[in-house]
Amino acid sequence: MKFLIISDLDNTWIGADAATIALQQTLKEKRDRFYLVYATGRSFCSVARLMRNFWLLTGEPMLTPDYLITGVGSEIYHQGILDYYWATQISQGWDRNGVVQVTQKFPQLLPQIEPEQNPWKVSFCLHPNTKPAILNTVHEQILQLGIQANIIFSSGRDIDILPIATDKGIAAMYLREKLQIPLDQTLVCGDSGNDLSLYQHGTRGVIVNNAQSELAQWYSQSGTANHYFAKSDYAWGILEAINYFNLGTT
Ligand code: GLC
Ligand code: MG
């Protein structure tokens, strides 16, 4: 039976080139025995650029994923094509204009560049002098308009507002079910706040040692036996976890 790896990109799969290359070397030998999904906050174009640059700079291509979860779960791609079923599903009850109307009232929310926005994702950077608690007020005001949204805070700075029916974890489970891989044969890998939802669905999970404080804190409060806090950084941590959970040995 195949196993499934669902990994964040920045500061997890990539971040230390030697680690990425070593991990890929190990995995390449069994490429037909697992599915690979990259689950990132980046847009599709930004992932393509990242993969091209990795290749140019290191001389090694990044492994080709079977699926891509981009924009923190707001989009799913298979062979470069957007999953319209997913798009339709998460559009239920979503009102992007309503979200924008509310957020415009908060000058502390600095809009991210246009390519990082999409029909199901409104993203900002938090003004450096602002406490993240402001997000509770933003959330309340969005709710007052009758819109249910997911507000995700990462790396002490990034804010993503998505439809309530998505985040990386929900998108990951949609793919796991589609591929019919059991929970204990699924490994999720991440380092920051937008990865937190990946760990909440009963799969195996690794938190790389270089994790951001919001994720490390979550692990110390809510981590279970399914979760492994790696001793090493970046993709070295993923390699550690593959061995720790004996993935691919059944
Ligand atoms: C990536 C995305 C950005 C998002 C962040 C955190 O950096 O480009 O839009 O806010 O991840 O999810
Ligand atoms: Mg990351």
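Phe229 is partly exposed, with a relative accessible area of 25%. Here buried means under 20% relative accessible area, exposed means over 50%, and partly exposed lies in between (1.4 Å probe, protein chains only). The model is predicted: local features need pLDDT of at least 70, side-chain atom pairs count only at pLDDT 80 or more, and totals for chains, interfaces and linings use all residues. Residues are numbered from 1 along each chain as its sequence is written, chains are lettered from A and ligands numbered from 1 in the order in which they are written, and side-chain values use heavy atoms, with hydrogens and water left out.

Start with the partner of Phe229. Tyr219 is also partly exposed, because its relative accessibility is 25%. Tyr219 and Phe229 form a tilted aromatic pair, with 5.3 Å from centre to centre and 40° between the planes. Rings of Phe, Tyr and Trp (its six-membered ring) pair if their centres lie within 6.5 Å; planes under 30 degrees apart count as stacked, over 60 as edge-to-face and the rest as tilted. Tyr219 belongs to helix H8 (residues 213–222) and Phe229 to strand E12 (residues 227–229), 10 residues apart. Helices (H or I, at least four residues) and strands (E, at least two) are DSSP runs, numbered from the N terminus.

The structure holds 10 aromatic pairs. Another of them joins Trp13 and Tyr38: the ring centres are 5.4 Å apart and the planes stand at 65°, so this pair is edge-to-face. Trp13 is in helix H1 and Tyr38 in strand E2 (residues 34–39), and 25 residues separate them. Trp13 counts as buried, at 0% relative accessibility. Tyr38 is likewise buried, at 0%. Elsewhere, Tyr85, Trp86 and Tyr174 form one aromatic cluster.

Rings also meet charges. The charged end of Lys2 sits over the ring of Tyr35, 4.3 Å from its centre. Arg31 lies over the face of Phe34, 4.6 Å from the ring centre. The test asks for NZ of Lys or CZ of Arg within 6 Å of the ring centre and within 35 degrees of the ring normal.

Next comes the metal site. Which residues coordinate the magnesium ion (ligand 2)? The donors are Asp8 (OD), Asp10 (O) and Asp191 (OD), at 2.1 to 2.3 Å. A donor is an N, O or S atom within 2.8 Å of the metal (3.2 Å for Na, K and Ca); water is not among the atoms, so sites may look incomplete. In sequence the donor residues follow the spacing D-x1-D-x180-D. Asp10 lies in helix H1 and Asp191 in the loop between strand E10 (186–190) and strand E11 (204–207), so the pair ties together parts that are 181 residues apart in sequence. Asp10 is partly exposed, at 28% relative accessibility. Asp191 is buried, with a relative accessible area of 3%.

Now the open space. Rolling a probe the size of a water molecule over the atoms shows where empty space is left. On a 1 Å grid over the protein atoms alone, a cavity is a set of points where a 1.4 Å probe fits but cannot get out, and a pocket is an open set with protein on both sides within 12 Å along at least five of seven lines; lining residues have an atom within 4 Å of a point. Grid points are joined across faces, edges and corners, and a volume is the space filled by probe spheres set on the points.

The largest pocket holds about 400 Å³ of space. It is lined by 20 residues, and Gly41, Ser155, Arg157, Asp158 and Asn194 are the closest to its centre. Helix H1 (9–13) and strand E9 (158–163) each supply at least two residues of this lining. By class, the lining has 2 nonpolar, 9 polar and 9 charged residues. Ala, Val, Leu, Ile, Met, Phe, Trp, Tyr, Cys and Pro count as nonpolar, Asp, Glu, Lys and Arg as charged, and the others, Gly among them, as polar.

The second largest pocket has a volume of about 310 Å³. Of its 14 lining residues, Leu135, Ile151, Ile152, Phe153 and Gly193 are the closest to the centre. Helix H6 (134–144) and strand E8 (149–154) each give two or more residues to this lining. E8 gives the most, with 4 residues. The lining divides into 6 nonpolar, 6 polar and 2 charged residues.

Two C-alpha separations close the tour. Thr20, in helix H2 (residues 17–28), is buried at 0%. Thr20 and Ile238 are 218 residues apart along the chain, with their C-alpha atoms separated by 9.4 Å. His78 and His127 are 49 residues apart in sequence and 35 Å apart in space, C-alpha to C-alpha.
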